[in-house]
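Here are a few exercises to work through with the model open beside you. Try each task first, then follow the solution step by step.

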Amino acid sequence: MKTYLVGGAVRDALLGLAPGDRDWVVVGESPESMAAAGFRPVGADFPVFLHPRTGEEYALARTERKSAPGYKGFVFHADPGVSLEQDLARRDFTINAIARDAEGALIDPFHGQTDLQARVLRHVSPAFAEDPVRILRAARFMARFAPLGFSIAPETLRLMQDMVAAGEVDHLVPERIWQEVRAGLASPAPSAFLQTLRACGALAVLLPEVDALYGIPQRAEFHPEVDTGRHIEMVCDMAARLAPGDALIGFAALLHDLGKGLTPSEQWPKHIAHEHHGLAPVQAVCARWKVPSEYAAMAAHACREHLNVHRLQELRPETLHDLLARIDAFRRPERVAQLALICESDKRGRLGMTEDSYTNGNLLQRCFLAAASVRAAQLPGNPAGPAIGEALRKARIEAIAAAKEA
């Protein structure tokens, strides 16, 4: 059985990165011979098998042919006559089309090693244009590899632009979009994800609410970067820095300022009540992508509350209590730290402010812990019935007031 390690495991090893999952291609075999060797079939659309001992995935070498629009419109062909080179030719980028044989020798028919050394993301063949998911994958790879100095080959970017113009992106289903967006936001440089999508025109199709923020000015004394779209990029990068790999924090950071896209131009660079105007577009994005409920809830909380957290010292204790109640903090205490991180990302995601301290996050958590320490059983007078809720609120407000003064 001729087996080859392929894809990300080979690429990352050549880049000196920690290895992830390993994928294998098998040449010269059939589903019957794989089953006879003890491999268990798992592929619904094409022959993929699990190794009987390691559980790793082994796929038969295959070719593919476009049969309909979108990323599912493919017919796959796998038989013992398909060569390794034919299998590698169907892959997206040259850096992912390198194989390693059992002796450790590299098979690299599309010069992926050269592109790795040059830090270039380049498509393998014109067949790249047949799968719109590859636009999202390009953006995701840039979000991961931009800190290493990677860029997209000009001819690949032109091909992506042509794909968007041809309407291929319109065929992407919400679940697939969300899978790639979440991965991009959990990467080290989410700004590169947004920049890549914007450069090829896909951001305007997939996320017009964010695309609209580019070119909208903000007050320079608060936002030296001025451009709102650039601010969002910086906030997402700061979120990735403060909460590495946390896509929930990154998603809320991405959407927190959508209300600025609705400000009438005659009011620029001010954005009065943008935290409230942004709630409708946040909900629209979450519905369109079928975002998990906790992501949607945190994005809405961050949109509505980020200015309140920024001016926490000015809030009355009862106002701060009601903020905590709105985010359901007393039942979901993890949301307090999450909101604090998002707001810190917003405050430090500005030109010249990336190294500033942000004390309001700690203040928010300190006030919450004080309020959460109040228990109904400890309330004076042993209130009963509806009086318990009001007495608990009053005691929590008093605890918040004391914490603010501490």
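**Exercise 1. Find which residues leucine 254 touches, leaving out those up to four places away in sequence.**

Step 1. Leucine 254 touches Leu185, Leu194, Leu207, Val210, Ile232 and Cys236, where contact means heavy atoms within 4.5 Å.

Step 2. A word on the source: this is a predicted model, in which local features need pLDDT of at least 70, side-chain atom pairs count only at pLDDT 80 or more, and totals for chains, interfaces and linings use all residues. Residues are numbered from 1 along each chain as its sequence is written, and side-chain values use heavy atoms, with hydrogens and water left out.

**Exercise 2. Work out how covered helix α12 is, and what lies at its start.**

Step 1. Helix α12 spans residues 247-255; helices (H or I, at least four residues) and strands (E, at least two) are DSSP runs, numbered from the N terminus.

Step 2. Nine of the nine residues in α12 are buried, among them Gly250 and Phe251. Buried means under 20% relative accessible area, with exposed over 50% and partly exposed in between (1.4 Å probe, protein chains only).

Step 3. At the start of α12, a side-chain oxygen of aspartate 246 comes within 3.1 Å of the backbone nitrogen of leucine 248.

**Exercise 3. Identify the residues that touch the most other members of the largest nonpolar core.**

Step 1. A nonpolar core is a set of buried Ala, Val, Leu, Ile, Met, Phe, Trp, Tyr and Cys residues joined through side-chain atoms within 4.5 Å.

Step 2. The largest such core has 105 residues, and Ile135, Phe251, Leu254, Leu255, Trp289, Leu339 and Leu364 touch the most other members. Helix α5 (residues 133-145) gives the largest share of this core, nine residues.

Step 3. Twelve residues form a second, separate core, including Val6, Val25, Ala97 and Ile107.

**Exercise 4. Trace the strands that pair with β5.**

Step 1. Strands β2 (residues 23-27) and β5 (residues 57-60) are parallel, with four bridges between them; two strands pair if DSSP finds at least two bridges. Tryptophan 24 has tyrosine 58 of β5 as its bridge partner.

Step 2. Strand β4 (residues 48-50) runs antiparallel to β5, joined by three bridges. Tyrosine 58 is also the bridge partner of phenylalanine 49.

Step 3. The hairpin of β4 and β5 has six residues between the strands, and glycine 55 there takes a positive phi near 75°.

Notes:
A polar contact is a pair of N or O atoms within 3.5 Å; within protein, one must be able to donate a hydrogen and the other to accept it, and residues adjacent in sequence count only if both atoms are side-chain atoms.
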